[in-house]
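Have the viewer open as you read.

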2 protein chains.
Amino acid sequence: MKDNVIIDNLVQELKRGTLVLAVLLNSSKPSYGYSMINTLKDLGIEIEQNTLYPLLRRLEKQGLLESSWDTTDSRPRKYYIISEMGKGIRDSLYNEWNKTNKVIETMVVKGE
Amino acid sequence: MKDNVIIDNLVQELKRGTLVLAVLLNSSKPSYGYSMINTLKDLGIEIEQNTLYPLLRRLEKQGLLESSWDTTDSRPRKYYIISEMGKGIRDSLYNEWNKTNKVIETMVVKGE
DNA sequence: TATGATAGTGTGTGATGTACAGTATTGTCA
DNA sequence: TGACAATACTGTACATCACACACTATCATA
């Protein structure tokens, strides 16, 4: 049972950084929080509302996303789109992520 | 200048979880802290002593690594090797890591 | 009419890489 | 031979963020 706790913790740590990249990649076109949760879920990324909404707000605060309200529908929705600054950071983060991946793959191949 | 701070933070977050996987992958054969730093550096993973030594101790405490002192040389060295439990967790973590990677690659391809 | 779905806000907690600080000894170089 | 870099390790506080908990509000459906 303890193994699961350790794995869950480690997987959660893996998510840090990765979630940001996933959200930035998903924000090339405008999308709103609740919809993004379903989109990411379909892609294989399980994320709770309690995690995504604060993340969106933090990324906007940091200037990586821009938001606008759409109140024309019966339900008001906050749309997010990546900013120019966000695009630069997304690309840098993706490069770092890629480098890390190549390293891990190299180690996996060597390790066996 | 602020961009760099954000990127540095995000890259650090990326490391969380990834470092654990890298260390577990690197511990199929016994190796000691100081040497591991150089090995990982050569592979492209920059890690400080202040980060690696506590990490090794934590992983041992969690039962993922086993250690033994080698005092035959002029310098005593603490060798670490992955435990059976650690192998299970390494494999699980690698699977999760792989899943996440496929998702990110899918998003990258779709995003453009 | 009740409840699930839809859509969002607010805030505290636990885990971990980093940073700072330290000890100790060996090996190398001037 | 002394200074210093390299080698090898331990201890601890801090910043950050996914998660968890709590909440509001309204629409759609049974």
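Which element gives the most to the surface near DNA strand D? H3(B) does, with five residues. This is a predicted model, in which local features need pLDDT of at least 70 and side-chain atom pairs count only at pLDDT 80 or more, while totals for chains, interfaces and linings use all residues. Residues are numbered from 1 along each chain as its sequence is written, chains are lettered from A and ligands numbered from 1 in the order in which they are written, and side-chain values use heavy atoms, leaving out hydrogens and water.

**DNA strand D**

- Around DNA strand D there are 25 residues (a residue is near if one of its heavy atoms lies within 4 Å), the closest being A:Arg16, A:Asn50, B:Tyr34, B:Arg77 and B:Lys78.
- A:Arg16 places a polar side-chain atom 2.5 Å from a sugar or linking oxygen of DNA strand D.
- Base nitrogens of DNA strand D are approached too: one lies 2.8 Å from a polar side-chain atom of A:Asn50, and one is 3.1 Å from a side-chain N or O atom of B:Gln49.
- By class, this surface has eight nonpolar, eight polar and nine charged residues (Ala, Val, Leu, Ile, Met, Phe, Trp, Tyr, Cys and Pro count as nonpolar, Asp, Glu, Lys and Arg as charged, and the others, Gly among them, as polar).

**Where chain B meets chain A**

- Each chain brings 42 residues to the contact (heavy atoms within 4.5 Å).
- The buried area is about 3,900 Å², with 75% from carbon and sulfur atoms (accessible area, 1.4 Å probe, that two parts lose on being put together, summed over both).
- In chain B, the residues that lose the most area to chain A are B:Leu10, B:Leu14 and B:Met107, together 17% of what that side buries.
- The rule finds two salt bridges across the interface (a side-chain nitrogen of Lys or Arg within 4 Å of a carboxyl oxygen of Asp or Glu).
- B:Arg16 and A:Glu13 form a salt bridge, with their closest N and O atoms 2.7 Å apart.

Technical notes
A polar contact is a pair of N or O atoms within 3.5 Å; within protein, one must be able to donate a hydrogen and the other to accept it, and residues adjacent in sequence count only if both atoms are side-chain atoms. Helices (H or I, at least four residues) and strands (E, at least two) are DSSP runs, numbered from the N terminus.
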